[in-house]
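I opened a new notebook page for this structure.

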Amino acid sequence: MRLPERLGSESERSLSTFRSRIGQADAFLIVTPEYNHGYPSVLKLLIDSANEEWKRKPAAFVCYGGQSGGLRAVEQLRMVLAELHVVTMRDTVSFVNAWEQFDDAGSLRDGARADAAMGAMLNQLSWWSRTLAAARNAEPVH
Ligand SMILES: Cc1cc2nc3c(=O)[nH]c(=O)nc-3n(C[C@H](O)[C@H](O)[C@H](O)COP(=O)(O)O)c2cc1C
């Protein structure tokens with residue numbers, strides 16, 4: 001997807017596909033690196049380009065980076081997503097020194113640990129996804 005440098009009428013058009021996908025989804029899995037204790041600006045642009053489409057839905061995170069494994073970026077994302085009524089999962093799948101975690105073929109060296117963390121997190125996401133979808137259907141908010 002070609003992204004605009006800032007929000008405006010042009011970006012409204014180019015991001016309409018993204019917005020409609022967010023609208024169709026019942027849950028989100030956000031993957032982010034960490035740069036200088038934050039998340040990338042392009043991710044902020046994507047988040048800001050939708051509004052109602054995010055609301056009353058759950059999100060989980062996979063993050064990666066150096067020593068912090070991307071966790072500081074995720075904590076910032078939680079604050080931003082709260083403004084959009086997104087419920088964020090407590091558990092996070094994080095890769096510290098990500099470049100050490102994968103072999104030359106791109107496979108995880110310690111797949112079992114990541115699988116267990118991902119399984120627990122997706123269980124939470126699945127519960128919230130079903131629960132909030134049922135609640136949105138039962139009582140739409142105007
Ligand atoms: C300019 C710069 C700043 C970074 N800052 C952080 C940081 O604050 N915390 C961290 O854990 N990793 C940091 N990293 C490491 C990146 O998260 C890591 O290189 C990651 O692989 C970048 O993701 P990408 O390759 O998908 O762009 C930084 C890397 C660069 C180049």
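This is a predicted model: local features need pLDDT of at least 70, side-chain atom pairs count only at pLDDT 80 or more; totals for chains, interfaces and linings use all residues.

**Entry 1**

I started with Tyr64. A polar atom in the side chain of Tyr64 sits 2.4 Å from an oxygen atom of the ligand. With the limit at 3.5 Å, I log this pair as a polar contact.

Next I checked Ser68. Here an N or O atom of the side chain is 3.1 Å from a ligand oxygen atom.

Which part of Asn36 faces the ligand's nitrogen atom, backbone or side chain? I found a polar backbone atom of Asn36 at 2.8 Å from that nitrogen.

Then I looked up the areas. The ligand taken alone exposes 630 Å². The protein buries 59% of that.

**Entry 1: the shell**

I listed the residues around the ligand. One run covers Pro33, Glu34, Tyr35, Asn36 and His37. Another covers Tyr64, Gly65, Gly66, Gln67 and Ser68. Arg72 and Trp99 are also in the list.

How does this shell divide by residue type? I get four nonpolar, six polar and two charged residues.

**Entry 2: the fold**

I moved on to the whole protein. I count six helices and three strands. Along the sequence I read the order as α-α-β-α-β-α-β-α-α. The C-alpha atoms fill a box of roughly 45 × 35 × 25 Å along the principal axes.

I picked α3 and α4. Helix α3 spans residues 41-48, and helix α4 spans residues 71-83. Their axes come within 11 Å and cross at roughly 15°. Angles under 35 degrees count as roughly parallel, so I file α3 and α4 as roughly parallel to each other. I also noted the hand: α3 passes α4 in a right-handed crossing.

Terms used:
Residues are numbered from 1 along each chain as its sequence is written. Side-chain values use heavy atoms; hydrogens and water are left out. A residue is near a molecule or strand if one of its heavy atoms lies within 4 Å of it. A polar contact is a pair of N or O atoms within 3.5 Å; within protein, one must be able to donate a hydrogen and the other to accept it, and residues adjacent in sequence count only if both atoms are side-chain atoms. Accessible areas come from the Shrake-Rupley method with a 1.4 Å probe; for residues, only the protein chains shown count as cover. Ala, Val, Leu, Ile, Met, Phe, Trp, Tyr, Cys and Pro count as nonpolar, Asp, Glu, Lys and Arg as charged, and the others, Gly among them, as polar. Axes are lines fitted to C-alpha atoms, for helices over the stretch in contact, and angles run from 0 to 180 degrees between N-to-C directions. Helices (H or I, at least four residues) and strands (E, at least two) are DSSP runs, numbered from the N terminus. Angles under 35 degrees count as roughly parallel, over 145 as roughly antiparallel, 65 to 115 as roughly perpendicular and the rest as oblique. A crossing is left-handed if the near helix is turned anticlockwise from the far one by less than a right angle, and right-handed if clockwise.
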